[in-house]
Amino acid sequence: MADHDEIIDKERSKSAFKYVEDIAPGLRLEMDLDKIHHTSISDFQEVQVIDSYFGKTLVTDGKTQSTAHDEFVYHESLVHPPLFWSALLSGTTQPDGTRIPGSAPKSVFIGGGGELATAREVLKHNSIERLVMVDIDPKVLEVCKQYMPEWGGEAVASHPKMELIVGDAHKYLMETQEKFDVIIMDISDPIEAGPGIALYTQEFYQRTSEVLSKPNGVFVTQAGSADFIPHPHAFPEDDDDDNKESWCFSPILNTLATVFDHSIPYTVPVPSFGECWGFVMAFNGDAKEARALADLPYEVIDNLIEERIEAVPGVPDHKYRSKGVKFLTGKEKGSEALKHYDGVTHRGLFSLSKSLRIAMKGDKRIMTVDNPVFMY
């Protein structure tokens with residue numbers, strides 16, 4: 001009997017509240033739910049802050065947005081490649097091919113970015129003079145400042161170089177007369193019921209190309225799932241009526257390629273997303289520039305980091321510590337102010353797997369207002 005009771009107690013000890021997230025058709029990520037800090041429903045989405053296996057986590061509409069464990073991987077990958085590329089495009093190239101950076105980027109626009117971590121990374125660049133961030137959901141901003149100050153919080157929201165606007169990023173860019181060196185779209189995935197689908201269309205991308213400075217203007221967007229070895233669901237057949245939701249990585253790449261001279265994909269593993277994540281950078285210029293971006297020597301990126309990067313004072317670092325990840329005090333400069341991105345990492349970002357490159361080459365979809373593509 002004692003043995004039976006011990007078995008029951010052992011099984012009970014395994015019981016816990018669970019956080020479960022659908023990653024793809026037939027694939028779910030499940031982990032212990034340690035604490036719920038906040039839950040509410042805004043005018044646009046359900047907003048939650050929880051503690052899970054990956055530490056403090058922002059969840060909107062049942063989808064993980066970022067976690068203490070690896071948010072810096074996503075945000076550093078999104079921000080620093082386009083900002084450094086803008087710097088190099090604004091500079092000069094010596095006869096031996098050596099690139100001398102110019103004074104850009106000075107002005108940056110962020111669409112979305114409610115956690116404030118994208119703005120945190122932009123403000124680490126000492127060349128920045130003006131940063132405009134437009135997010136549609138005041139609830140997300142309020143919740144993130146209260147429960148997630150490590151992502152940026154009030155130190156970023158009230159930064160003297162920052163103009164934080166609660167509003168529609170699409171409307172803002174359609175109406176603005178201002179030019180930006182870099183436009184960063186850190187927005188919700190293009191899901192059918194979501195608020196962000198208009199920000200992934202050919203029509204919108206055409207407008208962003210008009211708002212960018214010349215010749216150093218660079219556009220970048222998060223582009224959803226981008227697994228190293230793509231699953232069949234990622235690229236549905238045209239007549240597959242049962243699978244209209246898929247990846248949007250290659251359609252975003254294709255769509256930007258119809259507007260800009262160069263549309264460059266890159267990826268990074270994000271453990272809390274359960275998969276690799278995609279980004280697409282776009283810019284205009286000579287045909288040689290596209291290959292040069294991916295092939296930048298390690299030392300070019302590392303030198304730019306040492307010359308231009310400074311931590312943002314007043315942003316507390318995560319108490320949750322991922323192994324091998326440094327703790328920031330807000331006083332660091334150069335490579336000490338970044339946790340993920342450097343010259344070696346840069347080359348890895350643009351090294352897509354052979355299977356992913358082949359699969360994307362066969363996907364010809366373009367995203368327009370009349371023919372959107374929805375992500376699972």
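Leaving aside neighbours within four places in sequence, Val49 is in contact (heavy atoms within 4.5 Å) with Ile36, His37, His38, Lys56, Thr57, Leu58, Val143, Tyr147 and Met148. Val49 belongs to strand 3, residues 46-52; strands here are DSSP runs of E with at least two residues, helices are runs of H or I with at least four residues, and both are numbered from the N terminus. With a relative accessible area of 0%, Val49 is buried. That term denotes under 20% relative accessible area, whereas exposed denotes over 50% and partly exposed the range in between, for a 1.4 Å probe and protein chains only. Between Val49 and Val59 there are ten residues of sequence separation and a C-alpha to C-alpha distance of 6.2 Å.

## Basis of the model

The model is predicted: local features need pLDDT of at least 70 and side-chain atom pairs count only at pLDDT 80 or more, while totals for chains, interfaces and linings use all residues. Residues are numbered from 1 along each chain as its sequence is written, and side-chain values use heavy atoms, with hydrogens and water left out.

## Overall architecture

The protein contains twelve helices and 16 strands. Its radius of gyration is 21 Å, close to the 21 Å that the globule rule gives for 376 residues, so the protein is as compact as a globular protein of that length. The radius is taken over C-alpha atoms, and the rule is 2.2 Å times the number of residues to the power 0.38. The C-alpha trace spans about 85 × 55 × 40 Å along its principal axes.

Of the 376 residues, 56% count as buried. Among contacts with a separation of 6 or more, 69% are between residues 24 or more positions apart. The accessible surface comes to about 16900 Å², and carbon and sulfur atoms contribute 52% of that surface; such areas come from the Shrake-Rupley method with a 1.4 Å probe, and for residues only the protein chains shown count as cover.

The protein carries 37 positive and 60 negative charges, whose mean positions are 5 Å apart. Lys and Arg count as positive and Asp and Glu as negative, with His and the chain ends not counted. Each charge is placed at NZ of Lys, CZ of Arg, CG of Asp or CD of Glu.

## Backbone geometry

Most residues other than glycine have a negative phi, and most peptide bonds are trans. The table lists departures from both patterns.

| Site | Backbone feature | Value |
|---|---|---|
| Ala104 and Pro105 | cis peptide bond | omega about 0 degrees |
| Lys214 and Pro215 | cis peptide bond | omega about 5 degrees |
| Asp61 | positive phi, not a glycine | phi near 50 degrees |
| Leu116 | positive phi, not a glycine | phi about 80 degrees |

Pro105 is located in the loop between strand 7 (99-100) and strand 8 (107-112). Pro215 occupies the loop between helix 7 (202-211) and strand 12 (218-225). Asp61 sits in the loop between strand 4 (55-60) and strand 5 (63-67) and is partly exposed at 39% relative accessibility. Leu116, in the loop between strand 8 and helix 3 (117-122), is buried at 0% relative accessibility.

## Selected residues in helices and loops

Glu203 is found in helix 7 and is partly exposed, at 37% relative accessibility. Residues up to four places away in sequence not being counted, Glu203 touches Met174, Thr368 and Val369. A polar atom of the Glu203 side chain lies 3.1 Å from the backbone nitrogen of Val369. Glu203 and Glu163 are 40 residues apart in sequence, with 26 Å between their C-alpha atoms.

Lys339 lies in the loop between helix 10 (298-308) and helix 11 (343-349). The relative accessible area of Lys339 is 17%, and the residue is therefore buried. Its side chain forms a polar contact of 2.6 Å with that of Asp317. A polar contact is a pair of N or O atoms within 3.5 Å; within protein, one must be able to donate a hydrogen and the other to accept it, and residues adjacent in sequence count only if both atoms are side-chain atoms.

Gly343 lies in helix 11 and is buried at 1% relative accessibility. Not counting residues up to four places away in sequence, Gly343 touches Tyr298, Ile301 and Asp302. Gly343 and Gln65, 278 residues apart in sequence, have a C-alpha to C-alpha distance of 26 Å.
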